[in-house]
Amino acid sequence: MRLAEDRRARVPFALVGVLLLVGSTTFAATLSTRGPLREDRSVETAMDRATAGANTALRSATDDAARGAARNPVTAPANTPFGRVLNDSTPFRDSLRVRIYLAARERFRTADYHHRGVVAAASLPSTPNVSTLRAAKRRVRIRGVDNGTALRVTVRNVSVTARRDGRVVARERTTMRLRVATPVLAMHDRTRRFERRLNRGPLDGPGLGRRLSFRLYPVVWARGAAQYGGLPVENVLANRHVELSTNGAVLAEQREAFGRTDAEGRRGFRRALLRVGAQDLLAAAPGDQSPLVRPKGPGGEFDGPIPRRIGAGDAPEPERNVTVGVNGTADRAFVALLDGGPGADAADARTFDDVLRRSYRGEARIVTGVEQVESGTNPDADAPGRNWTLVDADTTRRTTVEPTARAPEPSVGGDGRVFERYRRHVTIRHAVERTWRRGRRETTTSDARVDRYRVGVALVGTFRPEVSAPERPVSPLFERGGALDGPNLREVPGAARSLLSAEGGPDGVARKAVSGHFDARREVDGVRSDELRSWAYADVAALRERVRNVSVRVEAGTVAAGRANPPAELAAELRARRTELVDPPERYDGVAGRARVAVRAAYLDRVIAKLERRAGRTRRANGNLTRRLRKAGFGSSRDVMEVMQTRRDVPTPRRRAVDDGTAGGRDAFVPEASPGYLPLSSVDADRLAGVRSGRYHPLVAENVNAFTFPSGDAANAVTGQLFGDLETVRLRTAARTLVAANRTLAANPDPDLRRDRNELRAAVATSLRGVSDRTAAALGTRVALSREQRRRVVDAAVARWNGTGRQALAATNGSLASAVVAETAARPRTDLSRQQRDRLEVRIRVALGEAVRADAGVPTSTTNETVVATRTVAEREMNDALGTAFERAGNETFRAAQEELVERGYLDETIAALPTGMPVAPVPGYWYATVNLWDVTVRGEYPRFAVRARRGAPGSGGTVRYVRDGTTVALDVDGDGDPERLGRNERVSFTTGTVVPIAVPPGKGGVGDKDGVMFERSPGWSSTGCADWCLSAANGSASADAKPPLGE
Amino acid sequence: MTSTTLDVTLCLLLVSAAAFTVVTAEQPPSVPAQSRADATANVLATSTASVNYTLAPGAGRGDDSSVRFGRTRGPAFRRTARGTLAGLLADVTVGSAEIDGVPLSRMHEDFRRGVTRAVVDALADPARTQVVAVWRPYPSSSLAARTVVGAPPPPDARVRAATVDVPSGLPATRDEAVVASDAAGDHSRTRHADEFDAVADVVATNAVTGLFPERSARINIDGGGPSPALARTRYRRTAAFLGVTLDDGRDDELDAAEVGAANDRLAAALSDRTARELRAEFETPADAARAVRLGRVRVIVRRW
């Protein structure tokens, strides 16, 4: 249909389009011809700008609040209404939130915006009381971002109000979110972490305790070894080392926590290192109380090269192995083998001669083999006729034996040897005559039965030694020959023959054999040749020397911690090497050859048995040690081991900058400690920041030496009291003391020392006489000498040494034994063979040892006095020599002083020779190590500890500082002009400690502090860290924040 | 059918034309300079910047030889500051406060350069914008500070201005001053004979507290690095300008414990000077008190 023809009232679409076009053109024309819009936007503008200004204000408020919170961090909320607003678990963060709120409120007031009569400002409600403050705190949320180096702040419900002529024209509430680059959260968290790590013991994980162990171990082990080696080390672990190590460890912890260390601390540590190095090289100088490096003291800085760290490099370590040998046990087992006596179990309690005798045991036997070739049947008792009654039966038996060619072989058994064989044919004829009766009539019948046997007879010899030796064929056995061309068991065939004739010869034996079980045997003890004894003796004596040198290696640290059992390991070692040591040949060269090996085996068994008994005692001794240590507060040996093993698990941290993500600029947290170096001496308050007056002990230390001379002397320490006072000390101890005193006297005739020495000498002489008597008695059972002669022999031997001290030493270390033997041999009519000499010497050595242990104690008091007097004189002597050298510090001086000490030489005898430490000797005489142990506790407190970061505008010094100095934190929260106490910051303080054990080989002077001070406590120890300054600091509680928060 | 197609097509064409006309209609004239100034002020108030600078100018070159620096330049002096541009301008301004045109410290010189650069970088049209930050505790105060970024407008230009007030970091003192101006008159027991003195005391004390915050100064003097020397230098220079000595004539370094006493001396000297100036400027102490603006720095944006 066409449009024109359409009659319906329709509006074409195009018409609508035309209308739209016209309308839009008109509208556009209106828009473009109108001038700029003039409307009053001043309220909106004011609101916008006030909001923007509030942004800046909040930002600077946060920055200021953060600085304020860092300068006065709250770590302990006050027990006041306002203080309780801060949560106990997050006082710092809460105080920061409060500060941000207050600062923002203050700043908003100055950030109002005036625009054409409109005043717009952001505002927060005031906090006149606790509940409003709590609500205010909840409005502010903070979160650390970028590892805490920036702060994300959210303040909720900030109202922005616009007023015109005092009338509110607009109001809105917004939540402001900002990110402010201030690192205070990181500073706080790292300081807390630093503090936590400082308070960690070595078993609590990585921290100061472990680092302290790491640093003290080398000191103790190096100095202990030096002392043992004869260098003049008087105080192995002195508090000066504890101080130095603690400071080194603390610096490492600073680096761990902050990435940097305190510069003052580094300098102080360097100076102290030089000073302590000087002292240590000058050794036993009694310089423990010498002036310490003052943290801020003027002058006196060393510029010389720093000596290597004490004990670095090739110093002995707990990980090193200690060699423990069989040593004296070889002798003891040997004597027990010769003499029997108590020792091995009854079954093994074979003496040397027993072993030999029982080795030569054989058996002669006659064995038979029987074969029945014919077995006759018993004839029936047939009556001759009816009604005959058997009256009597008479049986006769006739045996005939005749040689035969065939007979069964008797069973000989695997180990027997047949000397001769016989074959017999045995016929047994049984004839029976029966008498019958019938009425009065009697008649006789005869009958017979024949049995035939073939019997083999053999004469057998068997080797039946009653001591064990490895199973090997023995040859020759029943004839002369083999080793030493000895007789072996050649008596056995003869014995067998005589047994045979005793049994009636082969015929008799055959007769007996057929009639039932036959067994004939005879034990034969072989005759031993004369050379056998000496041959076997020489052989087992050689084995003794070999066994003596068998040793095992145990970690020194394990020994030191009382967790090693060398005897058990030695026993295991011997057992493992038994075949090698017994060394049996493929084939025994005759009975003598086997006897020799049997002696070796018996000896080894004895040594092993003895070692095992020692092992049991060692276990008990270790248990005792642990129990006593625990009782004395040293912790269990397991703990000690753990401390030792974990001490290296503290990697040395690297210097590093702060990783602060995008917050801009490379930054570092630098600790500022006051004092940087924590000395053990007290420090005047005016040298310290954070302390107002008085004297202050930033660090106190206690180091307890478990075994000092002479209270822990000798094996008695194990069986007796650990710290108890012994009535006597061992002769060895007294003798060494005497020798040392003599040396010192020679250099310096001091009357006091002489008196003490004389007393000690008399006591030692008495003791030595007792030992000599017992030695003479022991000699008597072995040598054909009169009592008087024996006495003279021993006296002559003793006289080979000069002076009572050395004589007593010779008695205690066994060298007297060979002298006695030599003297004995020198006597007429006592020509001793080599074997006899060896035997005698071993015996006397053992007897000497017993004598020395049994009743040769010397009164402790006498010894003690001499020790003290000797030390006093020696110290005086050394001070005279080195007093001036001590003042001059420098490597050259150290070296010169050291050389001088070595040249003069007397010091090592006087001081290093005084025995200390606890010999690990499960039973007297089995001394395989000397152990000692130091328990170290340190307590420290920084009067002021700060961390700085280079942040901020120059007005604040361009620095953010987080300060912990124990001041009270007060803030005017309610706006009344007076600050309210919120809490305080606690000083950074710590308490930790460690245990350092050491083990040195036996003998010499042992190891330990020889200055007689068991509890070495630094001044101020009892006052537990806080000296008299505490009061003054409390009085002057800093209320520096009186003008909050813009005050600073 | 053909006519219907034609109808619809024509309609769509016309509708498109109408839409085109509306969309391309000429907009009203562009935003005037006034809103550009406001926009710039908003930018200054809201955008942040990091400024790396060195404190070294504060050391060594000073005319005060009584404070010894271990070293006068190097990494120990490098710092970073971060904040809104307006906040940074306020920091620069207050930090480089001057007395009679002489700065109290040179520590801010490099910081000022850094902040200036940051502000210029943030401006949309630096050639036609000037930013001035002013801190003046009261009109005609000789202790004042001013930071200018950009050249002044040409004399014939039509200049629009916008302002932002930024907290200066010093205590807001006006209320306190007003109270002091009243209280001094009422109570003859106060040691201020003159109400001007009372106002001046409040102003001076707050200014010193704000410029030399006691705990912060103490911590800086006890601290490590160049902080102690810088803090001492600033004290000495200020003391010299105000004509006071800090140490009773003892030739001794300022200790942390002496900070409180030093602040008192500075405040006393500043108070005298302030009282003089207030008297010359204002008719009544109440007027003077109302004019006190210690707590804010005014940032003015000029646009042409």
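Reply: In this predicted model, the side chains of A:R845 and A:D331 meet in a salt bridge, with 2.7 Å from N to O (a side-chain nitrogen of Lys or Arg within 4 Å of a carboxyl oxygen of Asp or Glu). The pair links distant parts of the chain, since A:R845 belongs to helix 25 (residues 834–855) of chain A and A:D331 to helix 9 (residues 328–339) of chain A, 514 residues apart; helices here are DSSP runs of H or I with at least four residues, and strands are E runs of at least two, numbered from the N terminus. Over all chains, the count by this rule comes to 68 salt bridges.

The largest cavity has a volume of about 600 Å³, taken as the space filled by probe spheres set on the points. Its lining consists of 40 residues, and A:D63, A:D64, A:A953, A:S956 and B:D91 lie nearest its centre. Two or more residues of that lining come from each of helix 2 (42–71) of chain A and, in chain B, strand 2 (78–84), helix 3 (85–95), strand 7 (160–167) and helix 6 (195–211). Helix 2 of chain A gives the largest share, 7 residues.

Residues are numbered from 1 along each chain as written, while chains are lettered from A and ligands numbered from 1 in the order written. Local features need pLDDT of at least 70 and side-chain atom pairs 80 or more, whereas totals for chains, interfaces and linings use all residues, and side-chain values use heavy atoms, without hydrogens or water.

Definitions and conventions. On a 1 Å grid over the protein atoms alone, a cavity is a set of points where a 1.4 Å probe fits but cannot get out, and a pocket is an open set with protein on both sides within 12 Å along at least five of seven lines; lining residues have an atom within 4 Å of a point.
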